[in-house]
Amino acid sequence: MATFQLERSASLPSDEAWRRLTTWSRHGEVVPLTRVTVTTPPPTGEGTVFVARTGVGPLAFDDPMEVTVWRPPTGGSPGFCRLEKRGRVVLGWAEIEVRPGPGGRSGVVWREDVRVRFLPPACDALLARAGRAVFGRAVGRLLRRD
């Protein structure tokens, strides 16, 4: 498994940072060649399922995910969300943590452990670097865009 973690600081209150990061359809706007479809009715919570379809034409694949932990930030407490990846190609999990910070700012930690079927373990370091780069840009964009 390829594991990576990234941290960001946002000039947003934690509830707004949380909203921007967990509005799943927005991820398709910031992750290249990806469209996200939420397949369960709102509101988001434990049990919410969505699918990120990445690629072009026959070279595309689905990355279905389910929210297994959902604790939005409240009253100065951090928010925490865990996603389980349940696809035929991509497996693993992702965690999003949003903490209140000084001066109305918030801190974000994104952790991910991903495995791509048919890729040997020798590719894990490259996969982790690519994940850190792609999701680092995506998290930054999500936090900057309203």
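1. Rings of Phe, Tyr and Trp (its six-membered ring) form a pair if their centres lie within 6.5 Å; planes under 30 degrees apart count as stacked, over 60 as edge-to-face, and the rest as tilted. By that rule, Phe-4, Trp-110 and Phe-135 make up one aromatic cluster.

2. A word on the basis. This is a predicted model, in which local features need pLDDT of at least 70, side-chain atom pairs count only at pLDDT 80 or more, and totals for chains, interfaces and linings use all residues. Residues are numbered from 1 along each chain as its sequence is written, and side-chain values use heavy atoms, with hydrogens and water left out.

3. The whole structure holds 4 aromatic pairs. Take Trp-18 and Trp-70: their ring centres are 5.0 Å apart and their planes stand at 55°, so this pair is tilted. Trp-18 belongs to helix H1 (residues 14–22) and Trp-70 to strand S4 (residues 61–71), so the pair ties together parts 52 residues apart in sequence. Helices (H or I, at least four residues) and strands (E, at least two) are DSSP runs, numbered from the N terminus.

4. Trp-18 counts as buried, at 6% relative accessibility. Trp-70 is also buried, at 19%. Buried means under 20% relative accessible area, exposed over 50%, and partly exposed in between (1.4 Å probe, protein chains only).

5. Trp-110 and Phe-135 form a stacked pair, 5.5 Å centre to centre with 25° between the planes. Trp-110 sits in strand S7 (residues 106–116) and Phe-135 in helix H3 (residues 124–144), 25 residues apart. Both Trp-110 and Phe-135 are buried.

6. Thr-22 is in helix H1. At 6% relative accessibility, Thr-22 counts as buried. A polar atom of its side chain lies 2.7 Å from the backbone oxygen of Trp-18. Beyond neighbours within four places in sequence, Thr-22 is in contact (heavy atoms within 4.5 Å) with Thr-44 and Trp-70.

7. Which residues lie nearest the centre of the largest pocket? They are Val-31, Thr-54, Phe-61, Asp-63 and Phe-135, from a lining of 27 residues. On a 1 Å grid over the protein atoms alone, a pocket is an open set of points where a 1.4 Å probe fits, with protein on both sides within 12 Å along at least five of seven lines; lining residues have an atom within 4 Å of a point.

8. H3 gives the largest share of that lining, 5 residues.

Notes. A polar contact is a pair of N or O atoms within 3.5 Å; within protein, one must be able to donate a hydrogen and the other to accept it, and residues adjacent in sequence count only if both atoms are side-chain atoms.
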